[in-house]
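Below are my notes on the model you sent, as numbered points. Please read them with the coordinates open.

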Amino acid sequence: MVISDETRSKIEEAISKYPQKRGALLPAIHLVQADCGHVSKECAAELAEIFEILPIQVMEVVSFYNMFFDSPQAKHHVYVCTNLPCSLRGSRSLLSQLESHLGVTAPGATEDGRIFLGHEECLGACGYAPMMRVDDEYHEDLDVEKAKQILDSLGK
Ligand code: FES
């Protein structure tokens, strides 16, 4: 069994909140990824069993959303928004300086697997440009020094 008992109980709790079991598939995938780091084929097979669907139906959802991963990932995911409002406030230069700071070319991960750096289109926080998403948190009104400090503070 790959999915832990604790995560299984959380999935059961999520299922109880939906009129149809399948409605809880997205929260269940979030829970599995938080537990296992990514959604492996084994996890997908176990989720499929829980939801009484085919493993491919789980993987279709995993591959549709860019916040889900089917293979091992860097510990932290950092996305700098490079859409127009953020670009006008310097996000492209910010991204390039963060690339130099980390020694990676976005999209790409540091050699130690600590940080994946990428860019994304509008993340809906244009009023606070430039901004970046670090895992599930938004960091706004950034300058290069502030952004570097945030990256340096991320644990291994
Ligand atoms: S353009 Fe960057 S958050 Fe909207």
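How are α1 and α2 oriented to each other: roughly parallel or roughly antiparallel? Point 2 takes this up, after some remarks on the basis of the model.

1. Basis. This is a predicted model, in which local features need pLDDT of at least 70, side-chain atom pairs count only at pLDDT 80 or more, and totals for chains, interfaces and linings use all residues. Residues are numbered from 1 along each chain as its sequence is written. Helices (H or I, at least four residues) and strands (E, at least two) are DSSP runs, numbered from the N terminus.

2. Helices α1 and α2. Helix α1 (residues 5-15) packs with helix α2 (residues 25-36) at an angle of about 165°, and their axes are 9 Å apart. Axes here are lines fitted to C-alpha atoms, for helices over the stretch in contact, and angles run from 0 to 180 degrees between N-to-C directions. α1 and α2 are therefore roughly antiparallel to each other. The angle classes are as follows: under 35 degrees counts as roughly parallel, over 145 as roughly antiparallel, 65 to 115 as roughly perpendicular and the rest as oblique.

3. Contact of α1 with α2. On the α1 side the contact is made by Thr7, Lys10, Ile11 and Ala14, and on the α2 side by Pro27, Ala28, Leu31, Val32 and Asp35. Two residues are in contact if their C-beta atoms, placed from the backbone, lie within 7 Å. By class, this contact has 6 nonpolar, 1 polar and 2 charged residues. Ala, Val, Leu, Ile, Met, Phe, Trp, Tyr, Cys and Pro count as nonpolar, Asp, Glu, Lys and Arg as charged, and the others, Gly among them, as polar.

4. Helices α3 and α4. For helix α3 (residues 41-51) and helix α4 (residues 55-64) the packing angle is about 115°, with the axes 8 Å apart. α3 and α4 are therefore roughly perpendicular to each other. Their crossing is right-handed. α3 contributes Ala44, Ala45, Leu47 and Ala48 to the contact, and α4 contributes Pro55, Gln57, Val58, Met59 and Val62. The contact of α3 with α4 has 8 nonpolar residues, 1 polar residue and no charged residues.

5. Overall layout. The protein has 7 helices and 5 strands, which follow the pattern α-α-α-α-β-α-α-β-β-β-β-α along the sequence. It is divided into domain 1 (5-64) and domain 2 (76-152), with bounds that come from an automatic or database domain assignment. The C-alpha centres of domain 1 and domain 2 lie 30 Å apart. The C-alpha trace of the protein spans about 50 × 35 × 25 Å along its principal axes.

6. Sheet. The 5 strands of an open sheet are ordered β2-β3-β1-β4-β5, and the pairing is mixed. Two strands pair if DSSP finds at least two bridges between them. At the edges are β2 (108-109) and β5 (137-139), each of which pairs on one side only.

7. Strand pairs. Strand β1 (residues 76-81) pairs with strand β3 (residues 115-120) in the parallel sense over 6 bridges, and His77 has Phe116 as its bridge partner in β3. β1 and β4 run antiparallel and are joined by 3 bridges, with Val80 opposite Met132 in β4. Strand β4 (residues 132-134) pairs with β5 over 3 bridges, in the antiparallel sense; Arg133 stands opposite Tyr138 in β5. β2 and β3 are antiparallel over 2 bridges, and Gly108 is partnered by Leu117 in β3.

8. Backbone points to check. Ala106 and Pro107 are joined by a cis peptide bond, with omega about 0°; Pro107 is in the loop between α6 (91-102) and β2. Another cis peptide bond joins Ala129 and Pro130, with omega about -5°, and Pro130 is in the loop between β3 and β4. Asp135, a residue other than glycine, has a positive phi near 55° and is found in the loop between β4 and β5. Gly113 takes a positive phi near 75° in the hairpin of β2 and β3, which has 5 residues between the strands.

Methods: A crossing is left-handed if the near helix is turned anticlockwise from the far one by less than a right angle, and right-handed if clockwise.
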